[in-house]
Amino acid sequence: MTSDSPVNSSPLLQVRDLRTSFTTPEGKIGAVNGVSFDVNHGETLGLVGESGCGKSVSALSIMQLVPNPPGVIETGEIIFEGVDLLKISSQEMQSVRGAGIGMIFQEPMSSLNPVLTIGRQITEPLGVHMGLSGWAAESRAAELLEMVGIADSRRRLGDHPHQLSGGQRQRVMIAIALSCEPKLLIADEATTALDVTIQAQILELMKNLTSESGAALMIITHNLGIIARYADRLNVMYAGKIRESGTAEQVYLQPNHPYTVGLLNSVPRLDRPASERLDPIEGEIPDPANLPAGCAFTPRCRWATEKCSVSEPELEQVKDRQMVACYESKTVSESVEIAWK
Amino acid sequence: MTSTSTDINQTNSSNSTPLLSVRNLKVHFPIKRGFLVQREVARVRAVDGVSFDIYPGETLGLVGESGSGKTTAAKAVIQLNNPGSGSVKFEGQELVGLSTSAMRPIRRKMGMVFQDPYGSLNPRMRAGDIVGEPLKVHGLAESRDGYRQQVASLLTTVGLSPAMAERYPNEFSGGQRQRLGIARAIAAKPSLLILDESVSALDVSIQAQILNLLQDLQDEYNLAYLFIAHDLSVVRHISHRVAVMYLGKIVETADAKDLYERPLHPYTQALLSAIPTPDPIHERSRERIILRGDLPSPLSPPPGCGFSTRCPIATEACSAAVPELKTLAENQQAACFLAQGR
C-alpha cells in the first residue's frame, strides 16, 4: 500500500466544482453536480456508487471524452500537473490523453478496433506520444505485452482482438493505456465484465504495474470489495455528488453517511457469518431529471429530518481526511457503531 | 416486506423426496461444417454429466464462471434446449423425451426468471398482461374480475402497486422490471423457480431488496429455487446447498455453510479467494490464490480433469484421468484426486 503519509507536493489532479450535464428531450439533466476531489501522486483512489451516480461521467469529463452534444461540461476546474485541462486547446488535450492520463474502459471488445491488429493498436500511441516507429515501436509493443502477461508476445502482435479472450483483451487495453507511461491511470469498471478469477488477475496486474511506475490509479466501480482491497482513499457518489470520502478504513469501518451505511448493509458478505436477511436501502435511485429538493438521498434515508429536504448539506470534515455531506452524520455514525458491534 | 423468521432446518433433505432430480445430464452442441452436406466436425460439451437434487422449499445455488454450463443446464431442466442424454425427473415424472404439448402442464409448475430485466419483458405489453399471461395460457383465471384480482394481488406480492398494471415495461426501473419478471414467474403457482442470474444486473441496493423478496416468497409458498449466479457471496446468502460448475461438470457440491467454511476442491478454493470483501483490513491481510490463465474452450477441453491446466496443485495423474465426484465429508462431494475430506 502506497502513501498513507500525506504527500508534501501538490496533488497530481485537482477537480474543483465540476458540473457536467446532458441535454435530453426532457430538458437538461445534471450528471455531475459539483464534484471536487484530489488525486495524489502514486495513490489509488476509488470512486464508488451505483449506476447513474455520475462516477463514469466524472472520469469522462477529466479526459474530456464526454460526447458533445448532448453532454457539456458546464463549470469547474480540472487541474492536472498544474494545468487546467478545461482551458487548453484540443490539440494540447490530445497530448494529455495517453501520455498524461491513460484510461481503461469496461468493454474491451468495443474499445479495441476489431479490424486492426493488436500490434498496430499498441504502436499507434507509441508513435504519437513517444515518437517511436518501425522496429523500435514494435519491440516496445512486444515488451508491453510481455509486461501485462501475454505469452509469445511477438507473434500475438499480429492477432486481431477477436482472437483473444476477454481477459487477454483487457490486458491489451492495459498495455495500451500504460504504453506512454501516464502519471494517472483511470480504470472505469475495467473488470466488471470479467469472471471473478480473471478479475483478480487483472486487478493485481493494474495495481502492480502502477505501483512499479509510480503512477496514480483511479478505480471506478460499484464493487465495494474491490475498493476495499486496492484503494487508499475513496469517494462515495450518489446522484452526481460526492457524499462521503476518506481512507478505506474510515469509510468502511466508520461510515458517516446514510448512503454509505446502506450500501455496506446491502451486500451479502463472505467475511461475516451468513445472515438471514439483508438490510437494503428502501426505494430507488431518483430520476436525475427530477432530483428531490435538499439532499437527494432524503426520500430513501432513515435518518432524514425536515431540514434535509429543504437545504443541501455540503461536504464537511468529520475526521482527519474523512469528509461527509450529511446533517445527521453524528447520529448516523453513532447508531452504526452500536448496530455493528 | 416484513421480516419473517426463516427456519434453517426446514429443509431436512434426508427424509423427503426430491422435487427435481437430475441424473447424468448431458447437453452437447454439434459444430457443423460443410456447404451442401453438413458434417459434424466438433462438439461443445456444454453440460457433461451433471447430477443434482432439489427438495421442496430448498435453494440450490449453481455457481461457475461464464462458459461453465450453468445456464445450459438450467435450460435443459425446463426442456428449453434438447438434452442429449440423461434424466430429469420433476415430481417423479421423467421430462426428457416429453413432447412440447406434454411439457406444457409441467412448465406451469416451473417458473423462470432471467438476467436481463430489459430484454425479457415484451415492450408492447402492459405490465398487467405480462404478469397475467401465464394465468391465461394455463387457464387459471376463472372470470374477468377474478383475473384482474389475481394480477393485482401478484403485483402486491412482489412489492409493486396494482395501479402499475396499466403501464408499459419502459416505464419501470430495472429493479421494478425484475419484480415484474418474478410476478410472472410465480403467477401459475409453480413449485420450482429457476433464477438465472436474476439479480446480477441490479445495483447493490436493489439487489438486496430482490433477495429479500425471494426469501419471503420462498417462506410463504414453500418454493424451491435453482439459483444460478457467478457472485458467490450472493449465492451463499440465499442457498441451502451449492454446486460449483467448471467446464460443464459439477466439481464440488455441499451444504452452503460447509462449502464456504471448508471448500475442498482447489477451484472452489480459488473462486472463494478471488472475491474481494468490503473490509479493508481483512481484505489486505488475506492471502489469495490467483489462478493462472483462462478458462479452456469447452470445444477442446484438456484431457483428464478440466481444471488441471489452471490448478495450483495439479499432478501428472490429473491430466491422465477424469476424477469422479466422491463423498469426502457429510453432504459434501468433490471431484478431485487430491482433495481430502475431514
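**Group meeting: a walk through a two-chain model**

Hi everyone, let's begin where the chains meet: 41 residues of chain B are in contact with 38 residues of chain A, where contact means that the C-beta atoms of two residues, placed from the backbone, lie within 7 Å. Before going on, please keep in mind that this is a predicted model, in which local features need pLDDT of at least 70, side-chain atom pairs count only at pLDDT 80 or more, and totals for chains, interfaces and linings use all residues. As for labels, residues are numbered from 1 along each chain as its sequence is written, while chains are lettered from A and ligands numbered from 1 in the order in which they are written.

Back to the interface. On the side of chain B that touches chain A, the elements giving two or more residues are α6 (204–221), α7 (232–238), α9 (266–274) and α10 (280–285) of chain B. Helices here are DSSP runs of H or I with at least four residues, strands are E runs of at least two, and both are numbered from the N terminus. Which of these elements gives the most? That is α6(B), with 9 residues. By class, this side of chain B has 18 nonpolar, 15 polar and 8 charged residues. Ala, Val, Leu, Ile, Met, Phe, Trp, Tyr, Cys and Pro count as nonpolar, Asp, Glu, Lys and Arg as charged, and the others, Gly among them, as polar.

Helix α11 (residues 258–266) of chain A is mostly covered, with 9 of its 9 residues buried; buried means 20 or more other C-beta atoms within 10 Å of a residue's own, exposed means 12 or fewer, and partly exposed is in between, with C-beta atoms placed from the backbone. Among the buried residues are A:Tyr259, A:Val261 and A:Leu264. Their cover includes α9 (224–230), β9 (233–238), β10 (241–247), α10 (248–253) and α12 (329–339) of chain A, together with α6 of chain B.

Now a helix pair in chain A. The axes of α7 (residues 166–178) and α8 (residues 196–213) of chain A come within 10 Å and cross at roughly 15°; axes are lines fitted to C-alpha atoms, for helices over the stretch in contact, and angles run from 0 to 180 degrees between N-to-C directions. So α7(A) is roughly parallel to α8(A), since angles under 35 degrees count that way, over 145 as roughly antiparallel, 65 to 115 as roughly perpendicular and the rest as oblique. Residues making the contact include A:Ile174 of α7(A) and A:Leu205 of α8(A). By class, this contact has 7 nonpolar, 3 polar and no charged residues.

On to the sheet. Four strands of chain A form an open sheet in the order β2-β1-β4-β5, with antiparallel pairing; strands pair if DSSP finds at least two bridges between them. At the edges are β2 (27–39) and β5 (83–84), each pairing on one side only. Strand β1 (residues 13–24) pairs with β2(A) over 10 bridges, and A:Leu18 has A:Val35 as its bridge partner in β2(A).

Last, some backbone details. A cis peptide bond joins A:Asn68 and A:Pro69, with omega about -15°, and the bond from A:Pro69 to A:Pro70 is cis too, with omega near 10°. A:Pro69 sits in the loop between α1 (55–63) and β4 (71–80) of chain A. B:Leu247 has a positive phi, near 50°. Is B:Leu247 buried or exposed? B:Leu247 is buried, because 25 other C-beta atoms lie within 10 Å.
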